[in-house]
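Please look over the sequence and the structure before reading on.

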Amino acid sequence: MQFLLWLLLIVIAFGAVSYYRMSMFNATVAMFAALVFGSVMGIVGGFTWLLYLIIAIPLNIESIRVQYLTSPILKLYKKIMPEMSSTEKDAIDAGTVWWDGEIFSGNPNWQVLHNIPQARLTAEEQAFLDGPVEEVCRMCNDWDVTHTRADLSPEVWQYLKDNKFFAMIIKKEYGGLDFSAYAQSRVLQKLSGVSAVLATTVGVPNSLGPGELLQHYGTPEQQNHYLPRLATGEEIPCFALTGPEAGSDAGSLPDTGVVCKGQWQGEEIIGLKLTFDKRYITLAPVATVIGLAFKMSDPEGLLGEQKDYGITCALLPRETEGLDIGNRHFPLNVPFQNGPIRGNDIFVPLDYIIGGVKMAGQGWRMLVECLSVGRCITLPSNSAGGAKSIALATGAYARIRRQFKIPVGSMEGIEEMLGRIGGNTYLMDAVTSFSTKGVDLGEKPSVISAICKYHLTEKMRQLVNDSMDVHGGKGIMLGPNNYLGRGYQGAPIAITVEGANILTRNMMIYGQGAMRCHPFVLKELFAANNPDEKQGLAEFDSALFAHIGFAISNFFRSLWFSITGARLAGAPFMDETSQYYRAMQRYSSNMAFLSDVAMGVLGGELKRRERISARLGDLLSYLYLGSCVLKRFDDEGRRSEDLPLVHWAMQDTLHKLEVSLEELLDNFPNYWLGKALKLVIMPFGKRFTKPSDQLDHAIATILQTPCEARSRLGKGQFLSREPGMLMGDLEQTLENVIASEPLYTKVCKAAKERYPFTNLDKIADKGLELGVLSEEQAELLRTTEQGRLRTINVDDFDPSELAQEVQKPKAKRKPKSAEAA
């Protein structure tokens with residue numbers, strides 16, 4: 001019995017100092033006090049004190065600790081430390097750590113989250129959305145773009161240039177709009193609800209490309225020449241990175257730039273001889289200035305002793321002699337301008353290098369730093385904007401379309417789809433708002449941007465599939481009145497570009513997250529590589545023992561949260577959301593603890609165990625997504641009518657987190673360690689289930705009924721009620737159907753007959769005949785019938801029209817020898 005009391009005292013004391021993350025000295029003092037108490041109570045004897053002194057003295061006397069503990073561990077660490085390529089090092093060095101670091105701490109400070117200002121538009125940005133953005137949405141007909149022209153109309157192109165749509169990132173001193181990242185996101189969301197081609201065309205010049213690179217790294221001469229011309233649309237940019245042999249693996253880039261002497265404008269200069277083969281380059285067919293990534297070398301030593309410089313970026317005008325550009329790819333019936341760029345032994349001056357010769361070899365660092373921002377904006381915003389329009393359209397259609405004499409939205413199978421659409425849309429918009437606010441605060445969130453890109457494009461694919469299921473035949477018949485088909489066809493594009501989603505989930509999110517966001521791993525890595533051995537040893541000692549304390553703390557926190565169900569964890573609000581804050585506190589500790597275990601057990605092998613890395617990345621991702629949802633709910637005033645959306649998003653997110661956590665533990669490389677970890681972390685199994693049928697029903701009702709919650713969900717989308725505007729017509733018809741339902745019921749009661757909710761023009765005539773409707777009410781029924789038919793009908797074509805499409809001349813292809821793929 002005395003032994004059990006002794007053991008309990010030690011565990012409680014050690015667990016308490018670990019849980020509260022006391023410093024080593026304070027923890028030593030606290031343990032001393034606990035042992036004094038144990039001695040007084042007669043449960044601690046001399047052996048315990050001896051053991052305490054053997055451990056405490058070496059740990060607290062720095063010279064002994066460093067010589068006998070830290071130094072041997074550092075030698076071992078250097079042997080097992082995974083090798084890091086230069087591109088991996090640049091990727092880790094690029095960007096900043098923001099809320100993702102707080103998540104990785106194992107103890108996120110929710111006050112920090114809620115103190116981050118809400119993203120808002122300036123008056124100038126709002127005016128741009130209400131004016132030029134609204135107008136170009138009105139001008140753009142997606143069927144004309146995707147089917148007839150395979151391009152935007154000349155009028156739309158010119159309007160985009162005249163109104164500086166390509167200059168949202170360019171500073172005012174160069175003639176640009178200099179909008180916030182949040183404003184760019186809102187613009188792209190609105191455009192994407194109208195046309196993916198339109199949103200892509202505007203998004204790319206404002207994302208990774210010459211404009212962004214020039215502003216950060218260009219020489220004054222390059223900035224003064226190109227930026228004003230990019231701002232006015234006089235120059236159209238593209239950036240060429242991907243080729244047949246190097247997509248996600250930029251380190252294997254085969255394109256070369258060899259420093260040599262050559263003739264330029266009649267005189268001999270030192271320049272670059274470029275050979276490259278690029279594909280999938282957005283805006284390439286219409287670009288006038290091309291950003292190019294290649295590996296630069298100086299075999300003759302014309303610039304100095306360095307022979308291999310590495311990845312470098314340059315700018316080439318379209319008229320550069322030997323530049324092969326103009327052909328187009330055809331990306332899944334969403335024909336934004338995209339194509340190959342090739343060149344063989346093209347000679348250009350050295351001042352074509354972005355930033356000049358001093359930036360030679362810095363190309364990959366430049367690209368990943370800019371990509372950490374661009375990934376937060378373009379694809380996530382396009383996905384969120386598409387989701388918002390889909391949510392409104394699908395809700396409206398489900399209420400308007402009837403089968404078995406009821407709106408299809410009343411059917412439980414449809415409610416399941418609507419619940420998923422609405423809940424995910426709420427989450428996706430929350431993620432874009434919070435993430436772009438981080439960019440506006442000066443962050444370059446490389447890990448967060450990968451999370452945004454992967455999860456929002458995947459959710460968009462799910463949403464458009466669900467919406468197609470709800471629409472049925474309406475969705476699969478292409479034509480001018482189909483607002484879903486092209487989005488469905490084009491969903492895999494967003495999944496593929498800017499790093500394929502398989503790669504992003506399995507390697508990038510956690511691969512960067514473990515290094516960048518962990519509070520001690522990067523410090524240990526840098527200390528181990530410090531050329532000053534004495535300073536490196538001191539830095540490693542500090543990081544190492546802080547890391548050990550961190551891991552022990554997260555073990556005890558995980559154990560405590562498992563036993564208590566995290567019910568005693570802190571939460572900033574004592575309402576229906578408190579359970580989510582507590583759960584995320586628990587899973588943050590779990591993730592931090594499991595990260596240390598995985599790194600300790602697998603070492604450098606971890607980066608090759610992609611499915612382990614992916615599931616750890618899932619934990620980080622879902623904690624971030626959940627944070628965005630809770631942040632949005634608070635920013636918007638904690639409105640009770642939004643709670644179904646909040647509950648759905650949080651429960652779905654935490655359920656998926658628990659599934660990934662369970663799969664991680666069940667598939668842990670060491671089987672018995674995995675079982676032991678599961679006993680500590682999930683002793684009672686999963687806590688969160690998928691969102692309930694009741695939540696799906698509540699969200700389905702929101703999507704089918706004009707209300708404040710629905711308006712907030714679709715805020716900012718193009719919903720003009722002018723004739724020919726598909727989304728606005730749906731919204732108007734939805735309102736008309738709801739207003740017509742009591743009139744229809746009145747006529748049925750007067751006639752003592754249950755008519756089908758069709759031929760409402762005849763119902764109107766019957767109502768007038770029976771004297772129960774006014775002429776104004778009858779006209780509403782007639783208008784509703786017209787809108788109802790427009791909503792449910794699909795396009796058809798004269799056979800000769802479709803035959804003409806088949807008979808169009810085929811695109812010319814290069815001889816096979818000229819195609820690298």
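Leaving aside neighbours within four places in sequence, with which residues is Ser595 in contact? The answer is Phe104, Tyr510 and Leu616, where contact means heavy atoms within 4.5 Å. This is a predicted model, in which local features need pLDDT of at least 70 and side-chain atom pairs count only at pLDDT 80 or more, whereas totals for chains, interfaces and linings use all residues. Residues are numbered from 1 along each chain as its sequence is written, and side-chain values use heavy atoms, with hydrogens and water left out.

**Buried residues in helices**

- Ser595 belongs to helix α23, which covers residues 578-602; helices are DSSP runs of H or I with at least four residues, strands are runs of E with at least two, and both are numbered from the N terminus.
- Ser595 has a relative accessible area of 0% and is therefore buried; buried means under 20% relative accessible area, exposed means over 50%, and partly exposed lies in between, with a 1.4 Å probe and protein chains only.
- Phe556 is part of helix α22 (residues 533-564), and this residue counts as buried because its relative accessibility is 15%.
- Apart from neighbours within four places in sequence, Phe556 is in contact with Val11, Phe14, Gly15 and Ser18.
- Phe556 and Ser195 are 361 residues apart along the chain, and their C-alpha atoms are separated by 52 Å.

**Nonpolar cores**

- The largest nonpolar core has 155 residues, and those with the most contacts inside it are Ile341 and Tyr624; such a core is a set of buried Ala, Val, Leu, Ile, Met, Phe, Trp, Tyr and Cys residues joined through side-chain atoms within 4.5 Å.
- A second, separate core has 29 residues, including Leu230, Phe239, Ala246 and Leu367.
- Not counting residues up to four places away in sequence, Ile341 touches several residues, among them Cys238, Ala240, Phe276, Ile281, Leu323 and Ile325.

**Helices α24 and α25**

- Two packed helices are described by the angle between their axes and the distance between the axes.
- The axes of α24 and α25 come within 9 Å and cross at roughly 165 degrees; axes are lines fitted to C-alpha atoms, for helices over the stretch in contact, and angles run from 0 to 180 degrees between N-to-C directions.
- The two helices α24 and α25 are therefore roughly antiparallel to each other; angles under 35 degrees count as roughly parallel, over 145 as roughly antiparallel, 65 to 115 as roughly perpendicular and the rest as oblique.
- The crossing of α24 and α25 is left-handed, a term used if the near helix is turned anticlockwise from the far one by less than a right angle, while clockwise is right-handed.
- Among the residues making this contact are Leu616, Leu623 and Phe633 of α24, together with Val646, Met650 and Leu661 of α25.
- The residues of the contact of α24 with α25 comprise 16 nonpolar, 3 polar and 4 charged; Ala, Val, Leu, Ile, Met, Phe, Trp, Tyr, Cys and Pro count as nonpolar, Asp, Glu, Lys and Arg as charged, and the others, Gly among them, as polar.
- The loop between α24 (610-635) and α25 (643-666) holds Arg638, whose phi is near 50 degrees, a positive value in a residue other than glycine.

**Other helix pairs**

- Helix α17 (residues 446-471) and helix α19 (residues 485-496) have axes that come within 9 Å and cross at roughly 165 degrees, and these helices are therefore roughly antiparallel to each other.
- The crossing of α17 and α19 is left-handed, and the contact has 6 nonpolar, 4 polar and 3 charged residues.
- For helix α13 (residues 210-217) and helix α14 (residues 220-232), the axes come within 10 Å and cross at roughly 145 degrees.
- In that contact, Gly211, Leu214 and Gln215 in α13 meet Gln222, Gln223, Tyr226, Leu227 and Leu230 in α14.

**Exposed and partly exposed positions**

- Phe404 lies in the loop between β8 (402-403) and β9 (406-407), and has a positive phi of about 55 degrees although it is not a glycine.
- Because its relative accessibility is 74%, Phe404 counts as exposed.
- Gln158, in helix α10 (residues 154-162), is partly exposed, with a relative accessible area of 41%.
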